[in-house]
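Open your viewer and get ready to click along. We will take this one selection at a time.

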Amino acid sequence: MSTPLRLGTRGSKLAMAQSGHVAEALTAATGRPVELVEVVTAGDRSAAPVHRLGVGVFVSALRDALAARTIDFAVHSYKDLPTAAAPGLHIAAVPPRQDPRDALVARDGRTLTELPPGAVVGTGALRRIAQLHALGMQLEVTPIRGNVDTRLARVLGPEADLDAVVLARAGLARLGRTDVVTETLDPMLMLPAPAQGALAVECRVDDPDLVELLAVLDHAPSRAAVVAERALLATLEAGCSAPVAAYAELAEGDAGEEIYLRGAVISPDGTRDLRLSRTGTPADAAEIGKALAAELLDLGADSILGQAGPTGPGTQQFGSTE
Ligand SMILES: NCc1[nH]cc(CCC(=O)O)c1CC(=O)O
């Protein structure tokens with residue numbers, strides 16, 4: 001029996017669920033036992049709005065533990081990772097991505113179009129706030145944060161005070177709670193966050209045996225999609241709490257596999273809404289993301305991002321409000 005690999009994870013139900021899935025998949029594929037090691041992050045300790053907490057609050061404690069060798073590898077929600085590379089670390093695998101779309105959970109089983117003017121919708125992410133306003137439905141959007149159960153209670157609990165919340169479908173799926181979804185939002189209306197629904201499995205570069213072992217979990221199409229979406233985000237010099245959306249789909253086209261990348265930059269009040277798309281081959285995923293970002297910048301994306309507050313270009317702000 002080999003010594004267990006130590007998988008560092010945040011202690012939230014969602015983090016434990018996704019780390020548990022990765023641990024099981026790795027053991028199933030390689031026979032290696034894996035033990036979960038809980039790491040407390042600044043993001044878990046603080047109740048402050050996430051955009052005030054600074055760079056990668058949910059991520060840095062896990063990365064510190066990797067550097068200190070108290071864990072061997074870590075699983076992150078990919079969309080929470082800063083776009084800057086982490087020296088000495090390597091994303092050894094991007095497992096098959098979950099449904100990247102956002103989900104509406106509304107009272108009385110309502111869908112988006114069934115919400116009346118003035119309905120109060122909770123979400124913390126600027127990207128979602130901006131797109132809800134851009135619908136022009138007179139929705140009242142109110143910032144919320146907290147774990148998935150806390151957010152759901154704002155709509156479904158005995159003290160419910162909101163008409164609806166918007167959250168990542170993937171998070172609900174990993175917790176086995178898709179039963180509460182009243183509508184999975186069409187990306188035409190609510191384009192997801194870059195890398196939403198994807199996980200990043202990270203280890204140290206100086207652990208080549210583990211880099212090789214973890215590669216069994218990698219899913220090439222999921223990685224290509226994430227590379228395209230994150231290249232767009234990085235080129236816009238925006239962090240994961242900026243009002244930037246990106247979604248890459250892979251499909252079999254006439255000329256073989258094609259990637260179709262959509263990107264959007266929306267002002268928080270929804271009055272400026274830039275949306276573009278671009279196609280190419282998966283091998284060029286990063287170039288497609290960069291080129292689409294350049295087109296958005298040509299149309300004035302930087303002035304929207306400059307307006308959007310703490311996450312504008314030139315600032316180093318990666319705390320997720322998602
Ligand atoms: N920072 C919050 C966060 N990070 C990852 C997910 C779950 C979905 C995913 O893996 O993208 C969520 C919750 C949400 O956005 O509702």
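Predicted model: local features only at pLDDT ≥ 70, side-chain atom pairs only at ≥ 80, totals over all residues.

Residues are numbered from 1 along each chain as its sequence is written.

**Stop 1: the domains.** Colour domain 1 (5–95 + 199–219), domain 2 (102–184) and domain 3 (225–307) separately; these bounds come from an automatic or database domain assignment. The C-alpha centres of domain 2 and domain 3 are 25 Å apart. Where these two meet, 8 residues of domain 2 are in contact with 11 residues of domain 3 (contact means that C-beta atoms, placed from the backbone, lie within 7 Å). On the domain 2 side, 5 of the touching residues are nonpolar, 2 polar and 1 charged. Here Ala, Val, Leu, Ile, Met, Phe, Trp, Tyr, Cys and Pro count as nonpolar, Asp, Glu, Lys and Arg as charged, and the others, Gly among them, as polar.

**Stop 2: an open sheet.** Show the cartoon and find 5 strands in the order β7-β6-β8-β5-β9, with mixed pairing. At the edges sit β7 (140–142) and β9 (183–184), each pairing on one side only. Strands (E, at least two residues) and helices (H or I, at least four) are DSSP runs, numbered from the N terminus, and two strands pair if DSSP finds at least two bridges between them. Now select β5 and β8 (residues 164–168): they run antiparallel, joined by 5 bridges. Within this pair, L104 stands opposite V166 in β8.

**Stop 3: helices on the sheet.** Next, select helix α5 (residues 126–134), lying across β5, β6, β7 and β8 and running at about 175 degrees to β7. The axes are lines fitted to C-alpha atoms, for helices over the stretch in contact, and angles run from 0 to 180 degrees between N-to-C directions.

**Stop 4: two loop residues.** Select R69, in the loop between α4 (60–67) and β3 (73–77). Its phi is positive, near 65 degrees, and R69 is not a glycine. Is R69 buried or exposed? R69 is exposed, with 11 other C-beta atoms within 10 Å (buried needs 20 or more, exposed 12 or fewer, and partly exposed is in between, with C-beta atoms placed from the backbone). Finish at D108, in the loop between β5 (102–106) and β6 (120–122). D108 also has a positive phi, about 55 degrees, without being a glycine, and counts as exposed with 8 C-beta neighbours inside 10 Å.
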